[in-house]
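The stops below go from a helix pair to aromatic rings and then to confidence.

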Amino acid sequence: TGKDVIISDSPDAVQAMKGVFKRLCTNSKGMLSVVDVKKVHELLGEPLDDAEAASMLEFFKADNDTDLVVSFDMFMSWWSQWHDS
């Protein structure tokens, strides 16, 4: 996105999220799909409804939920927005 991501979480929380991201990242590009981000929410007991899933596609500018478009910074930006709202 070209913008700096400001993460207000503790360094330990960021490291934990980085570990989650890496476990879900099964490709050599270092990117997740929207499906992968949905999995994070489900694993943490925070499943997304249809409107939230559609919002996620728009946020990540993905054409579909399998596009590999989610970098770690984008993931953390989404995560922060999701949990700060």
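Select helices α2 (residues 34–43) and α3; helices here are DSSP runs of H or I with at least four residues, numbered from the N terminus. Their axes come within 10 Å and cross at roughly 135 degrees, the axes being lines fitted to C-alpha atoms over the stretch in contact and the angles running from 0 to 180 degrees between N-to-C directions. The two helices are therefore oblique to each other, the class left once under 35 degrees (roughly parallel), over 145 (roughly antiparallel) and 65 to 115 (roughly perpendicular) are taken out. Show side chains next: Val 34, Val 37, Lys 38 and His 41 of α2 meet Ala 53, Met 56 and Leu 57 of α3, with contact meaning heavy atoms within 4.5 Å.

This is a predicted model, in which local features need pLDDT of at least 70 and side-chain atom pairs count only at pLDDT 80 or more, while totals for chains, interfaces and linings use all residues. Residues are numbered from 1 along each chain as its sequence is written, and side-chain values use heavy atoms, without hydrogens and water.

Now select Phe 59 and Phe 60. Their ring centres are 5.1 Å apart and their planes at 90 degrees, so the pair is edge-to-face (centres within 6.5 Å, planes over 60 degrees apart). Phe 60 is buried at 2% relative accessibility (under 20%, 1.4 Å probe, protein chains only). Phe 59, at 25%, is partly exposed (between that limit and 50%).

Last, colour by pLDDT, the predictor's confidence in each residue from 0 to 100. The chain averages 83, and residues 1–6 stay under 50.

Notes: Phe/Tyr/Trp six-rings, centres within 6.5 Å; stacked < 30°, edge-to-face > 60°.
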